[in-house]
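Here is a short briefing on one protein chain. Overall build comes before a look at a single side chain.

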Amino acid sequence: MRKSEKQRTTNETNVFVSLDLDGIGKGTIATGIGFLDHMMDLFKKHSGFDLSVKLDGDIEVDTHHSMEDLGIVLGQTFHDALGDKLGIKRFSSVYIPMDEALVRVCVDISGRAYLNYKVQFTSETIGDLETETVEEFLRAFTDNAKITLHAHCLEGKNNHHICEALFKALAKALADASQITGTGIPSTKGIL
């Protein structure tokens, strides 16, 4: 059973995440940030992971703490749900187009946290979400999931399209890399 639930409570946020890597893309999302709800719904749908998120954050300040803390908790649940990592595919590279936008996400479930982020938005916000917090979300996620993640926008003008393609590509790459395709640890070291 590749499932995990985590809760994190700080003076700024209260985050609960439930994740099942072998789900069917169901669950409920409630972050208090409309555009983030949309991105998490896309992530759930395109990964096929069962995902529930309940986030209460200090969005009267801005969305930074909420995005960072959701990244932390989602990363922790993903890492925990992977368990011993026996038989996982480990690597994945995904290209997702959305109209004029084209995003590439490459993942290595390596046990080493690293983010290479090359996505530029031309607007400070998309709906009620500050675009600069997308990188903070991904950094917190990769640090806590202990994965290597390269996220690059290769083409695009429309900020909504770019962000949507990014979250879809992330979902597809994580779903693919976490698939069980064998029986052993996919590393010459013998551990991940």
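With 192 residues, a compact globule would have a radius of gyration near 16 Å, and the protein agrees with that, at 16 Å. The model is predicted. Its C-alpha trace spans about 45 × 40 × 30 Å along the principal axes.

**Fold**
- The protein holds 4 helices and 10 strands.
- Read from the N terminus, the order of elements is β-β-β-α-β-α-β-β-β-β-β-α-β-α.
- Take the contacts with a separation of 6 or more: 76% of them join residues 24 or more positions apart.

**Burial and surface**
- Of the 192 residues, 51% are buried.

**Charge**
- There are 20 positive and 28 negative side chains.
- The centres of these two sets lie 10 Å apart.

**Lys44**
- Lys44 sits in helix 1, which covers residues 34–47.
- Is Lys44 buried or exposed? Lys44 counts as buried because its relative accessible area is 10%, and the cut-off for buried is under 20%.
- Leaving out residues up to four places away in sequence, Lys44 touches Gly25, Lys26, Gly27, Ile29, Phe49 and Leu51.
- Arg112 is 68 residues from Lys44 along the chain, and their C-alpha atoms are separated by 24 Å.

Conventions. Residues are numbered from 1 along each chain as its sequence is written. This is a predicted model: local features need pLDDT of at least 70, side-chain atom pairs count only at pLDDT 80 or more; totals for chains, interfaces and linings use all residues. Side-chain values use heavy atoms; hydrogens and water are left out. Helices (H or I, at least four residues) and strands (E, at least two) are DSSP runs, numbered from the N terminus. The radius of gyration is taken over C-alpha atoms; the globule rule is 2.2 Å times the number of residues to the power 0.38. Buried means under 20% relative accessible area, exposed over 50%, partly exposed in between (1.4 Å probe, protein chains only). Contact means heavy atoms within 4.5 Å. Lys and Arg count as positive and Asp and Glu as negative; His and the chain ends are not counted. The place of a charge is taken as NZ of Lys, CZ of Arg, CG of Asp or CD of Glu.
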